[in-house]
Each structure stands twice: as C-alpha cells, then as structure tokens.
Amino acid sequence: MRVLDFDNTIYSGESVLDLYLFALRYEPKTIRFIAPVLRYAALYKLGRMPLERLEAGLRRYAHEYLCSFSQPERLVEDFWRGHMKKLKKWYSPRADDVIITASFDVVMEPVCRRLGTSCISSVINRQSLEVEYLNFGANKPSRFRQLYPNARIDEFYTDNISDEPMIDAAERAFLVRGERIKRIK
C-alpha cells in the first residue's frame, strides 16, 4: 500500500489556500478570514502557539468560513473541476493508495473520488459545519492505524520531514520537491 500526503506532495501548492482564493469570487466577504488564519498558522510554525490553541482557532474559523456559503459542497465541486490540473505529473493513482491530509473531508472527497483513492482527512460535521476531527501532527499516524490496523505501508510520500511518524511506519519513504522525488528511507 502507498500512503501519500496531499498538499505539496501530490497537489502542487496548498489546496485549502487555493480553494480560499477561488471562493472569494463567490463570497468576497470571506476575505476577513485570511489574516487570523495566517496568523495562527505562522505562530504555530514558529513554535509560539501550542497545538491546542491552533486547533481551537482553526475550529472556530473553519465553522464561520463554511457558514458563509449557501452550498459549500457545490463550491468545492466547482473548485476541483478547474484544479485537477494542479495534480503533479509524477502521481498516477492506484486502487490501494491512501491519501492522508490535514485538509477537510468536504474538500478532499471530490478529488479522491475522481482519483479512485481512499482518504484520511480532517472531518467536518455536514449538518452543523463544526470541525469534528483535525488530522495533523501526531493525529495522522494514530488515525491511520485506527482505520488500517494491520496494513503495511510499502511507500510513504511527503513534502515535509515533519511527517516523521509516518516515515518511520513505512518500509520506504520519499521526499517530494516539485516533480522531483528523493528516497529518504
């Protein structure tokens, strides 16, 4: 089984940021979310914000953001119609691929359906639009083991060495930079 990170690994760029910019056409008032979300992300990356505070902020802003749209699923379908071209050329989906990402299920389901792959992602409650689960950091390997308890990861692909727990769980691991792939394990 291959397990692959999504953003900057299979997808060229950050799909959530691209979706946000795409969505501004539909609902320009959502511009108000960019500054606080970028601030939270920057502080966390710099080690100045604990994971719990980042999670709380992301939960709040994701809910408010999604509530800004009357049909978020339609918006996401429209987005992927024009953004499938940003999938990297090296990636050829296989039936047993599992994409593991911090992106939300409402964003990932259409692309994974088109690719014919499974996906482990953060989860949004479709009725309340509340964040139920965030799939990043240490949550990734524990969620993978919960869903695939006996699976063997033959290959793991990522753009970030911080995915070390997933790298350790794999037989072979690869670091992706653009279209270049380098074996790191």
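Strands β6 (residues 170-177) and β7 (residues 180-183) pair in the antiparallel sense over 4 bridges, where strands are DSSP runs of E with at least two residues, helices are runs of H or I with at least four, and both are numbered from the N terminus; two strands count as paired if DSSP finds at least two bridges between them. This is a predicted model, in which local features need pLDDT of at least 70 and side-chain atom pairs count only at pLDDT 80 or more, while totals for chains, interfaces and linings use all residues. Residues are numbered from 1 along each chain as its sequence is written, and side-chain values use heavy atoms, with hydrogens and water left out.

Within this pairing, leucine 175 has lysine 182 in β7 as its bridge partner, and valine 176 stands opposite isoleucine 181 in β7. The hairpin of β6 and β7 has 2 residues between the strands, and glycine 178 takes a positive phi near 65° there.

On another side of the description, β6 is joined by 5 bridges to strand β5 (residues 153-158), and these two strands run parallel. Phenylalanine 156 stands opposite alanine 173 in β6. Between β5 and β6 the chain passes through helix α7 (residues 164-169), giving a β-α-β crossover that is right-handed, a term used if, with the strands pointing away from the viewer, the path from the first strand over the helix to the second runs clockwise.

These strands belong to an open sheet of 7 strands with mixed pairing, in the order β4-β3-β2-β1-β5-β6-β7. Because β4 (131-133) and β7 stand at the edges and each has a single partner strand, one side of each is left without a neighbour in the sheet. From one strand to the next the twist averages 25°.

Helix α5 (residues 105-115) lies across β2 (98-104) and β3 (118-124), running at about 150° to β2; contact here means heavy atoms within 4.5 Å, and angles run from 0 to 180 degrees between N-to-C directions, with axes fitted to C-alpha atoms, for helices over the stretch in contact.

The axes of α5 and helix α4 (residues 72-83) come within 9 Å and cross at roughly 45°. The two helices are therefore oblique to each other, since angles under 35 degrees count as roughly parallel, over 145 as roughly antiparallel, 65 to 115 as roughly perpendicular and the rest as oblique. In α4, Val76, Glu77, Trp80 and Arg81 meet residues of α5 that include Val106, Pro110 and Arg114.
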